[in-house]
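Here is a short briefing to read alongside the model. Take a look at the fold first, and then we can walk through it together.

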Amino acid sequence: MISDKSLYASFLEGDRGSFEELVLRHRHGMVYFLMPYVKSYETAEDLVQEVFAYIYLNPERYSEDYEFKTYLYMLGKRRAIDYIRKETRQEKVSLEESMSIDQTSLEDAVHRRGNAVDLKRYLHALSPEDQKVISLVDLTGLSMAETAKIMKKSVAAVKVQSHRAKKRLKKIMLKGGFSYEV
């Protein structure tokens with residue numbers, strides 16, 4: 001089986017069939033990956049189509065430092081978050097009503113009933129570096145190593161900053177009458 005990177009390289013050289021193979025290889029997995037975020041098969045399909053259209057129109061944006069699948073899913077997750085934010089602007093749900101006691105992560109907090117706007121308000125109370133590390137690790141799903149490369153820090157420094165940023169966020173959220181598990 002030809003690797004995703006080889007197919008992408010062929011696509012960059014003008015082979016549209018290679019791009020079609022990438023789409024066929026990953027579209028179903030992407031749809032099922034996005035469904036828990038957007039709660040609709042049709043919406044997830046639309047977002048997957050947007051992601052592949054973006055890649056097709058902006059082929060230079062992909063960096064071979066990452067696996068193609070990682071890049072693809074990261075784009076998909078970002079599109080889903082953008083979709084949730086857009087939906088949240090249209091229908092805002094109260095914070096207490098949308099959060100349950102059994103939360104396990106910051107990501108769950110963002111995606112429960114489109115509560116991204118409320119979380120964004122709490123995030124803005126953090127320093128820019130704390131916002132960046134939480135955004136990269138928890139909201140976009142990058143690994144600590146990928147986040148370290150982007151932030152130009154060691155993996156250990158990113159782990160420490162991520163942990164401390166989450167603790168600071170938790171403290172801010174508790175003052176606002178909301179909490180989540182770190």
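Helices (H or I, at least four residues) and strands (E, at least two) are DSSP runs, numbered from the N terminus. On that basis, the chain has 10 helices and 0 strands. This is a predicted model, where local features need pLDDT of at least 70 and side-chain atom pairs count only at pLDDT 80 or more, while totals for chains, interfaces and linings use all residues. Residues are numbered from 1 along each chain as its sequence is written, and side-chain values use heavy atoms, leaving out hydrogens and water.

**The chain overall**
- Of the 182 residues in the chain, 42% are buried (under 20% relative accessible area, with a 1.4 Å probe and protein chains only).
- Among contacts (heavy atoms within 4.5 Å) with a separation of 6 or more, 57% join residues 24 or more positions apart.

**Helices α8 and α9**
- The axes of α8 (residues 128-139) and α9 (residues 144-151) come within 9 Å and cross at roughly 140 degrees; axes are lines fitted to C-alpha atoms, for helices over the stretch in contact, and angles run from 0 to 180 degrees between N-to-C directions.
- Glu-129, Lys-132, Val-133, Leu-136 and Val-137 in α8 meet Met-144, Thr-147, Ile-150 and Met-151 in α9.

**Thr-43**
- Thr-43 sits in helix α3 (residues 41-57) and is buried, at a relative accessible area of 14%.
- Beyond its neighbours within four places in sequence, Thr-43 contacts Val-38 and Tyr-83.
- Thr-43 and Tyr-83 are 40 residues apart along the chain, with 9.2 Å between their C-alpha atoms.

Note on methods: Buried means under 20% relative accessible area, exposed over 50%, partly exposed in between (1.4 Å probe, protein chains only).
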